[in-house]
Amino acid sequence: MANHKTRLAVFCSGTGSNFQSLYHALKERNIPAEFTLCLSNRPECGAFSFADQHAIPTVHLSEKQFDTHGAFAAAMLKALDEHAVEYILLAGYLRKVPESVVNAYAGKTLNIHPALLPKFGGPGMYGINVHKAVLEAGEKESGATVHFVDPEYDKGPVLLQHKVPVKPGDTPESLASRVLDCEHQLYPDALELLIRGTEL
Ligand code: GRF
């Protein structure tokens, strides 16, 4: 379809700096896609402020609002349907996506993880924990991974990965900051690859 823009949802729980880098990359790189939904389990998150400033619809969904997991999953699917979402980008979303949603968007959901998967992934491996584990293991390099989401945490096929060095004297915080800078380049590259379907 001429001029069709691929409709994207972003799921966030926190600052949303990856969401911001994705949003700006769409404009700067002229990628034919747009954010039509920002979903979060935390309505006070930075991602919602950014979405509001840019007139992107927001939906607050938390499992606590529902009596059953099934009702929560159904509400998520309804929100995605109502905003005609084609692809989901997880960007610092600190909850497991319900399996029915993962299945409905199989091959159409990406996540960014702040380490070189398959190392340092899985339950409990989020935020600063990841960087602590990398330093404790004495790794010489870390990085970021964009992968397709499947029902197992951090296990889906890798789309793109980029490495950064671990430097002498690094703290979990200094390593996190270097990896986050790398994420802000990597996630837009992965999105462009997904939308244009070609190697960069
Ligand atoms: C990033 O490090 C991302 O890899 C991880 O959570 C962090 C989110 O940061 N999943 P932000 O909310 O995008 O600033």
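The structure is a predicted model. An unreviewed UniProt entry assigns the feature "binding site" to G16, S17 and N18. The lining of the largest pocket includes G16, S17 and N18 from this set.

**Annotated residues**

- S17 belongs to helix α1, which covers residues 17–28.
- S17 has a relative accessible area of 23% and is therefore partly exposed, since buried residues fall under 20%.
- Apart from residues up to four places away in sequence, S17 touches L180 and H184.
- N18 also lies in helix α1.
- The relative accessibility of N18 is 7%, so N18 counts as buried.
- Leaving aside neighbours within four places in sequence, N18 contacts A91, I112, L180, E183, H184 and Y187.

**Ligand surroundings**

- The residues around the ligand are T15, G16, S17, N18, G92, I112, P114, L180 and E183.
- G16 places a backbone N or O atom 2.8 Å from an oxygen atom of the ligand.
- The side chain of S17 has an N or O atom 2.5 Å from an oxygen atom of the ligand.
- I112 has a backbone N or O atom 3.4 Å from a nitrogen atom of the ligand.
- The ligand taken alone exposes 370 Å², of which the protein buries 81%.

Technical notes
Residues are numbered from 1 along each chain as its sequence is written. This is a predicted model: local features need pLDDT of at least 70, side-chain atom pairs count only at pLDDT 80 or more; totals for chains, interfaces and linings use all residues. Side-chain values use heavy atoms; hydrogens and water are left out. UniProt positions are given in the numbering used here, feature names are shortened, and annotations may be inferred rather than shown by experiment. On a 1 Å grid over the protein atoms alone, a cavity is a set of points where a 1.4 Å probe fits but cannot get out, and a pocket is an open set with protein on both sides within 12 Å along at least five of seven lines; lining residues have an atom within 4 Å of a point. Helices (H or I, at least four residues) and strands (E, at least two) are DSSP runs, numbered from the N terminus. Buried means under 20% relative accessible area, exposed over 50%, partly exposed in between (1.4 Å probe, protein chains only). Contact means heavy atoms within 4.5 Å. A residue is near a molecule or strand if one of its heavy atoms lies within 4 Å of it. A polar contact is a pair of N or O atoms within 3.5 Å; within protein, one must be able to donate a hydrogen and the other to accept it, and residues adjacent in sequence count only if both atoms are side-chain atoms. Accessible areas come from the Shrake-Rupley method with a 1.4 Å probe; for residues, only the protein chains shown count as cover.
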